[in-house]
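Have the viewer open as you read.

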Amino acid sequence: MPEGDTVWNTARVLEKALTGETLTGSDFRVPRLATTDLTGWTVAESASRGKHLLLRLTREGRPPHTLHSHLRMDGAWRSYAPGERWTGRPAHLIRVVLRTARSVAVGYHLHEITLVPTAEEETLVGHLGPDLLGADWDPAEAVRRISAAPSATIAEALLDQRNLAGVGNLYKAETLFLRGLWPWTPVAGVTDLTGTVTMAQKLVASNRGRWTQTTTGSLRKGETSYVYGRRAQPCRRCGTAIRKAEQDERVTYWCPRCQPEP
């Protein structure tokens with residue numbers, strides 16, 4: 001599932017494929033942009049903001065524009081050489097195709113695809129909290145935002161992109177395990193919010209630049225997480241069976257002994 005590090009890595013894929021290149025063609029398979037033609041525009045930058053992807057485009061005589069997309073749970077971008085077969089996903093899931101002389105970028109099952117003047121980019125991402133992988137990362141600001149809703153659960157607070165941008169269900173569960181926090185603990189009951197958001201940032205940043213996500217330090221299959229995806233398996237610390245439950249329309253995993261209910 002795409003989280004902040006996955007989106008950051010995807011931005012690097014698009015950076016390598018497109019940055020500095022002039023588009024020779026585009027194909028938008030979404031109603032809002034169906035007639036849009038970006039031929040002649042140059043990709044100046046590929047950036048990520050939390051879970052949002054931002055392709056910044058320039059063209060002489062025109063104001064810079066940004067092509068925005070969101071991966072959500074199932075989106076992906078893939079890069080191919082001209083003439084290479086597109087094997088990323090079934091063809092009916094293709095939403096965007098961007099062509100240059102040396103590469104083709106194909107976006108599958110993308111969401112919230114929008115083209116806006118770059119000067120208006122903040123209308124799309126301005127609501128986000130500090131980006132865990134961005135230059136604006138500020139744990140104090142993340143704590144300030146989280147603290148504004150003291151009755152929210154800490155799990156809910158970590159997933160709220162308005163508090164800090166880039167945490168998904170994997171890093172939420174793993175952060176709470178490593179901090180010894182029961183997922184339903186109210187924000188007001190967390191004694192060290194700074195330590196909690198700092199742990200989340202460290203976990204996300206540790207996987208930047210690789211596609212295999214690990215919080216344990218091991219890249220071996222079945223050894224990459226402490227609790228996430230390990231329902232009924234023994235806790236790596238105490239041997240207690242890991243639990244799984246619905247929480248705020250998502251699932252959560254925790255060790256009832258290492259993360260006891262207050």
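**Rings, charges and a helix**

With a relative accessibility of 18%, Trp182 counts as buried, since the cut-off for that label is under 20%. Keep in mind that this is a predicted model. The aromatic pairs in it number four, and the points below go through some of the rings involved.

**The tryptophan cluster**

- Trp182 pairs with Trp184 in a tilted arrangement, with 5.4 Å between the ring centres and 50 degrees between the planes.
- Trp184 has a relative accessibility of 24%, so this residue counts as partly exposed.
- Ring pairs join Trp182 and Trp184 with Trp254 in a cluster.

**A stacked pair across the sequence**

- Phe177 and Tyr226 are stacked, because their ring centres are 5.2 Å apart and their planes meet at 25 degrees, where stacking calls for planes under 30 degrees apart.
- Phe177 belongs to helix 5 (residues 169-179), while Tyr226 is in the loop between helix 6 (193-206) and strand 9 (243-247), so the pair ties together parts that are 49 residues apart in sequence.
- Both partners count as buried: Phe177 has a relative accessibility of 0%, and Tyr226 has one of 18%.

- Is helix 5 largely enclosed or open? Nine of its eleven residues are buried, so the rest of the structure largely encloses this helix.
- The buried residues of helix 5 include Asn169, Lys172 and Glu174, along with Leu170, Leu176 and Phe177.
- Against what do these buried residues pack? Their partners are helix 1 (4-18), helix 4 (154-159), helix 6, strand 9 and strand 10 (250-254).
- After helix 5 comes Gly180, which has a positive phi near 70 degrees.

**Charges over a ring**

- Arg12 places its charged end over the ring of Trp8, at 4.7 Å from the ring centre.
- Arg208 also lies over the face of Trp8, and here the distance to the ring centre is 5.5 Å.

- An unreviewed UniProt entry lists residues 226-260 as "domain: FPG-type".

How values were computed. Residues numbered from 1 in each chain as written. Predicted model: local features only at pLDDT ≥ 70, side-chain atom pairs only at ≥ 80, totals over all residues. Heavy atoms only, no water. Phe/Tyr/Trp six-rings, centres within 6.5 Å; stacked < 30°, edge-to-face > 60°. Helix = DSSP H or I, 4+ residues; strand = E, 2+ residues; numbered from the N terminus. Buried < 20%, exposed > 50% of the residue type's maximum accessible area, 1.4 Å probe, protein only. Lys NZ or Arg CZ within 6 Å of the ring centre and 35° of its normal. UniProt positions renumbered as here; feature names shortened; annotations may be inferred. Contact = heavy atoms within 4.5 Å.
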